[in-house]
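User: I want to learn how to read the features of a model like this one. Please take me through them one at a time.

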Amino acid sequence: MAEVVRESARPVAEQSTAELVQRATEQVSRLVRDELALARMELAEKGRHAGIGIGLFSGGGVLALFGVAVLVTAAVLGLAVVIPAWAAALVVAGALFLLAGVLALVGRRQVRRAVPPMPSVTADSLRADVRTVASAVRDRGQG
């Protein structure tokens, strides 16, 4: 992205200020369009992977929910051998609510630590472009 394309056959030193400003404007405009296209492609790729991952994760979650329901039923039936069925159901429900609270607190802490997704390749490319333009301006001012 930081590559500068020479559009004029005349050396830069022989071009007028207006020509140089026009070329710089065109190159900056092209650079911004290219960087936006890169960011769009990078975010689309990340979005595809996230969508597939979320779908698979959701399918696994549904199956795990069925498994947990069977285990809860087994726990209630197992406790019903020792205490009345209604009491066994209350004990298992209380344990589930306690576990749900702990998981919610841990999940909240993890969400707070999350950072917003950022197109890192585009950010690196933009930094390189800024360095290249700054270097060219510095070199032009010295020469």
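Analyst: Start with surface. Accessible areas come from the Shrake-Rupley method with a 1.4 Å probe, and for residues only the protein chains shown count as cover. Here the accessible surface of the protein comes to about 11100 Å². Carbon and sulfur atoms hold 72% of that surface. This is a predicted model, where local features need pLDDT of at least 70 and side-chain atom pairs count only at pLDDT 80 or more, while totals for chains, interfaces and linings use all residues. Residues are numbered from 1 along each chain as its sequence is written, and side-chain values use heavy atoms, with hydrogens and water left out.

User: How many helices and strands does the protein have?

Analyst: Helices (H or I, at least four residues) and strands (E, at least two) are DSSP runs, numbered from the N terminus. The protein has three helices and zero strands. The pattern along the sequence is α-α-α.

User: What share of the residues counts as buried?

Analyst: Buried means under 20% relative accessible area, exposed over 50%, and partly exposed in between (1.4 Å probe, protein chains only). Of the 143 residues, 12% count as buried. Take E42 in helix α1 (residues 17–80). Its relative accessibility is 11%, so E42 is buried. E42 also sits 7.8 Å from T122, C-alpha to C-alpha, though the two are 80 residues apart in sequence.

User: How many salt bridges does the structure hold?

Analyst: Side chains of opposite charge can pair when their charged atoms come close. The criterion is a side-chain nitrogen of Lys or Arg within 4 Å of a carboxyl oxygen of Asp or Glu. The structure holds three such bridges. K46 pairs with E42 at 3.9 Å, N to O. These two lie four residues apart in helix α1, about one turn. K46 is partly exposed at 38%. E45 meets R48, with the closest N and O atoms 2.6 Å apart. R127 meets D124 at 2.8 Å between the closest N and O atoms. Both R127 and D124 lie in helix α3 (residues 120–142), three residues apart.

User: Which residues form the positive surface patch?

Analyst: Patch residues have over 30% relative accessible area and no salt bridge; like charges are joined within 9 Å, nonpolar side chains (Val, Leu, Ile, Met, Phe, Trp, Tyr) within 5 Å. Lys and Arg count as positive, Asp and Glu as negative; His and the chain ends are not counted. Each charge is placed at NZ of Lys, CZ of Arg, CG of Asp or CD of Glu. Here R108, R109, R112 and R113 form the patch. R113 belongs to helix α2 (residues 85–113). With a relative accessible area of 59%, R113 is exposed.
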